Amino acid sequence: MPTLEDLITSEIIANGPMRLDTYMERALLHPEFGYYQKQIPFGSKGDFVTSPEISQMFGELIGLWCVDTWAKLGAPSKFAFVEMGPGRGILMQDALRSAKLVPEFLEAAEIHLVEASDQLIKVQQERLKDHPIQWHSAFPDIPDGMPVICIGNEFLDALPIRQFQLVDGGWQEKKVTVTDDGLTFVTPPSDEADLADQLPSISECSDGDIAEISTPAREFISFLAKKIKSNRGAALFIDYGPAENALGDSFQAVQRHEYSNPLENPGGKDLTAHVHFSPLREVALSAGCAAPAIEGQGRFLERLGIEARVMQLSKNATEKQHKDIVAAHKRLVSEQEMGTLFKAFSFSSGLAAPAAGFGDAE
Ligand SMILES: C[S@@+](CC[C@H](N)C(=O)[O-])C[C@H]1O[C@@H](n2cnc3c(N)ncnc32)[C@H](O)[C@@H]1O
């Protein structure tokens, strides 16, 4: 029985070095061997823990952000409430629970989940079985003709990237090839970058520098921003990466909460890369959307009232539960943990008042 590594190796032998976005796509989403098709990677016993898995407070506050944003859109009587890459469905479950405070919001919401993994769709269906929900494997399936509120946590970082390295004063694409030692990186001298207009100016970089571009992330944000501009709506994405464009190699693999070699055992570990938020914000602005300055997750959650929620939950908590709530709060907002590395990125067709959680500047 061949492994995914065997299939990738044969493809490279037949076609030459493989682009990194193709490698990432195969490793994460191959229909039989892809990482998200084979296992449920979340939680302390899995490979990584995401914010909704750390604490219910995260999803509850995002749910309230959605209710507030819906009100600032004029409380449309019907809208598509979309989540991209919902994982185990915990964020949506917590968001819908807090949104019960405003029943009109839930009555107006037509819920759509966009998930590429058949395995995770089953988990989401079980967790969210009390709610009418439509599932899609790709974003273009979302219906047109109504406003959209779209959310996603750690979705953009799963979208494939390409890497370019500055070699002798020109950008060359980093690819994956095969040697006697297995899969390794190569920067073939003959390759010219075909995305020169998206790469940083060579005069501001030094030989050896690495720049990253995610074409699927740009295409997705462009598609969503145009949809939001024409149908009205808003989007909120939380993910990790620099607010401004930054150079460097952020392609990484995580297995059992440890970093490991991303070219070893493809399909067996999660592959991600930093999200470069400022080019994505530019894409949304150029589609005609309004977008507040990108905000750190910590400040965003503080502005949404996480401290008040900590106090409220702690009131009836046991000592152990109280300790867990305080630890989760720290993990989500502290600068040393997720508070600064993780960012909140939002855009909209225009709201009656600034989006909650962000500064006033648009
Ligand atoms: C890191 S997980 C985050 C899960 C969840 N949002 C959370 O915070 O726990 C990435 C999610 O995006 C999904 N995903 C990855 N690539 C996708 C794609 N191209 N289209 C739709 N879903 C995708 C994965 O299957 C998974 O549900």
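Helices (H or I, at least four residues) and strands (E, at least two) are taken as DSSP runs and numbered from the N terminus. The structure is a predicted model, in which local features need pLDDT of at least 70 and side-chain atom pairs count only at pLDDT 80 or more, while totals for chains, interfaces and linings use all residues. Residues are numbered from 1 along each chain as its sequence is written, and side-chain values use heavy atoms, with hydrogens and water left out.

Asp21 is located in helix α2 (residues 20-29). Its relative accessibility of 12% classes Asp21 as buried; buried denotes under 20% relative accessible area, exposed over 50%, and partly exposed in between (1.4 Å probe, protein chains only). The side chains of Asp21 and Arg19 are joined by a polar contact of 2.8 Å. A polar contact is a pair of N or O atoms within 3.5 Å; within protein, one must be able to donate a hydrogen and the other to accept it, and residues adjacent in sequence count only if both atoms are side-chain atoms. Leaving aside residues up to four places away in sequence, Asp21 touches Pro160, Ile161 and Arg162, where contact means heavy atoms within 4.5 Å.

A nonpolar core is a set of buried Ala, Val, Leu, Ile, Met, Phe, Trp, Tyr and Cys residues joined through side-chain atoms within 4.5 Å. The largest such core has 45 residues, of which Ile62, Trp65, Phe81 and Phe300 touch the most other members. Helix α5 (residues 56-72) supplies the largest share of this core, 8 residues. Contacts of Phe300, not counting residues up to four places away in sequence, include Ile62, Trp65, Leu236 and Phe358. Another core, of 31 residues, lies apart from the largest one, and Ile142, Ile228, Ala284 and Phe345 are among its members.

The ligand has 19 residues around it, and Thr50, Gly85, Gly87, Glu115 and Asn153 come nearest; a residue is near if one of its heavy atoms lies within 4 Å. An N or O atom in the side chain of Thr50 is 2.6 Å from a ligand oxygen atom. A polar backbone atom of Asn153 is 2.8 Å from a nitrogen atom of the ligand, and for a polar backbone atom of Ala116 the distance to a ligand nitrogen is 3.3 Å. The ligand taken alone exposes 600 Å², of which the protein buries 93% (Shrake-Rupley method, 1.4 Å probe; for residues, only the protein chains shown count as cover).

A search of the whole structure for disulfides, defined as pairs of cysteine sulfur atoms within 2.5 Å, finds 0. The sulfur of Cys289 has its closest cysteine sulfur in Cys150, at 12 Å, which is too far for a bond.
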